[in-house]
Every structure is written in C-alpha cells, then in structure tokens.
Amino acid sequence: MYKGTVSMPVFQSLEAYWPGLQSLIGDVDNAMRTFLNYYTVWKQFGGLPEFYNIPQGYTVDKREGYPLRPELIESAMYLYRATRDPILLELGRDAVESIEKISKVDCGFATIKDLRDHRLDNRMESFFLAETVKYLYLLFDPDNFIHNDGSDFDAVITPYGECILNAGGYIFNTEAHPIDPAALHCCRKRKEEQWEVEDLMREFYSLQKNKKFPLKQTSDCGEGGCVKDPTGASLGGKKRNSKKSSRSLLSCPSQSFNSKLAVLGQVFLDNT
C-alpha cells in the first residue's frame, strides 16, 4: 500500500469481472487488454482456476478448482455489447464446449475440482444456473430485451400517474436477476402513505431514544402555540399535517439526525 510493490502476484478468478466494469465506464481498450490476459489463462486449462500464479504461469496449490464461475463470461457479454469483437464470441463458444465436455454429468454440471486433470467435485453451485448460463445466453442473443438501449419501451398508466417500463438499463443483483430501475417509480406508494410511515418511524426512534437515555423534556408550547423543529414535527407532541411534499420521488426522506457516532453498539447523541 505504501511502497506500491507487488506483494501477491496471483490472479484470482473473481477478479475477472473487472474488464466488464471497465467497459461500462468507456475504458474499452484497457478492458480488452485485461480480458485477453484472462482469456489466455482460460485456454490453458479450459476454465479459470480460483488462483493463478502469474510468475510461474500455473495454478496455486489447493486453489486449482473451477466452480463454473460467471465473472469472465459476464465481462465478455458487456465487452461484446461495446465492441462487437468476434473474439468475445470465441470465448463464449470455448466456455460452452469446455463446460459440456468437462463438467456435464447425469444430473447437472459439476464443479471442476482440479483443472489440471479435470477431476470433478460432487456439487453444482447455484450461480452456475443463475449467472454463468444466463450471461452465455445473453452473449449470443444481442436482441434480447435485457440489451434494450431505450429506443423501445412500455408506457404504463398506474393509479399514481404514468411511468415507463422495459426501457433498458437493467441492474443485475448478486446472482444476475435483472431489476428494471424504472419500476421503482411505478411501484412507489402515495405520498400520504409515505409521510405516515415516516411519522411512525420518527415516533419509534423517539421512543427508543427516551428509553435508553431518559432526559427531561421541556415544552415549547406557550401562549403562541407549539414551536416546530426543522423536520416539521411539533415539539409539543401534535401530529404534523403533511399534505404536500416538494421532495424528489427518488430522494431519501429527510429525518433528524441525532446519532453522531456508534461504537460497538453504543450510540452517542447531541445532548450527551
């Protein structure tokens, strides 16, 4: 960290997502160079070992397996969308042929326990079906709806207004289940319900604070009525009337922040 020297010249298979991330920010040339280095390792073994010693050009002891991970194929999918380079389809073809030849068994596709001799393990990881196969499918299906660039979409009328769905920009979660970010807008609740939930949460945290840190409360209600704090809640205990909201639909709700620091579960407040 301080000297900038290489302390562990080992490539780990989980790092193979990096070229795909580079392509998403437009760094395509560096992404292709990185990808081709990883692809060289793939062609050497018919898969990516968990650890690969770069100076020795071989697997690392006890890390020579390949559980059919998706990261390199994921990068190939994103890079092919950016470049249309046919070498990326070659990786996809090699992956399909390797998996079919090496890991296919009667009841599925087994983890490759050792890439040196292609011994198998008695297991199949969930991410193989959820991610690896899915990214391979999307690599060879350029017209899939997941690849939509926004030129095609559905306008949906909801009780809360019109919204746009299926316009692309899908976000993959941890195991590559696609999420349409536009659905966040379509599925939002009414503002009145949103304010009601915020009031309940504010009341809950207020009760928790008073329970843990019993403090004397002074009333700010005088002849002129109760004074409100900046959050809009009445210090005298009256419920806030919140019929209107000028906040953005996708912004986080503004709440009073009393907690400054938490260490091992101990919370320090402004008035302690």
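I started with serine 98 and looked up its contacts (heavy atoms within 4.5 Å). Leaving aside neighbours within four places in sequence, serine 98 touches Trp42, Gly46 and Ser103. Serine 98 sits in helix α4, residues 86–103. Helices here are DSSP runs of H or I with at least four residues, strands are runs of E with at least two, and both are numbered from the N terminus. Serine 98 is buried, because its relative accessible area is 15%. Buried means under 20% relative accessible area, exposed means over 50%, and partly exposed lies in between, with a 1.4 Å probe and protein chains only.

I noted the ground rules next. This is a predicted model, where local features need pLDDT of at least 70, side-chain atom pairs count only at pLDDT 80 or more, and totals for chains, interfaces and linings use all residues. Residues are numbered from 1 along each chain as its sequence is written, and side-chain values use heavy atoms, with hydrogens and water left out.

Then I went to alanine 110. I found it in the loop between β5 (108–109) and β6 (112–114). Alanine 110 counts as buried because its relative accessibility is 7%. Beyond its neighbours within four places in sequence, alanine 110 is in contact with Leu68, Ser103, Val105, Leu120, Asp121 and Arg123. I checked aspartate 121 in particular.

Leucine 68 lies in the loop between β3 and α3 (71–83). Its phi is positive, about 60°, although leucine 68 is not a glycine. Leucine 68 counts as buried because its relative accessibility is 1%.

I also looked up arginine 84. Arginine 84 has a positive phi of about 60° and is not a glycine. It belongs to the loop between α3 and α4. Arginine 84 counts as partly exposed because its relative accessibility is 42%.

I turned to a sheet. It is open, has 3 strands in the order β1-β2-β3, and pairs antiparallel. β1 (10–12) and β3 (58–59) are the edge strands, each with a single partner, so one side of each has no neighbour in the sheet. Strands pair if DSSP finds at least two bridges between them. β1 and β2 (residues 51–53) run antiparallel and are joined by 3 bridges. I picked out phenylalanine 11, whose bridge partner in β2 is tyrosine 52.

For the surface, I looked up a nonpolar patch. Tyr17, Trp18, Leu21, Leu24 and Ile25 make it, at about 520 Å². Patch residues have over 30% relative accessible area and no salt bridge; like charges are joined within 9 Å, nonpolar side chains (Val, Leu, Ile, Met, Phe, Trp, Tyr) within 5 Å. A salt bridge is a side-chain nitrogen of Lys or Arg within 4 Å of a carboxyl oxygen of Asp or Glu. Areas come from the Shrake-Rupley method with a 1.4 Å probe; for residues, only the protein chains shown count as cover. Isoleucine 25 is in the loop between α1 (18–24) and α2 (28–45). Isoleucine 25 counts as exposed because its relative accessibility is 66%.

Last, I took the chain totals. The protein chain has 7 helices and 13 strands. Of its 272 residues, 33% count as buried.
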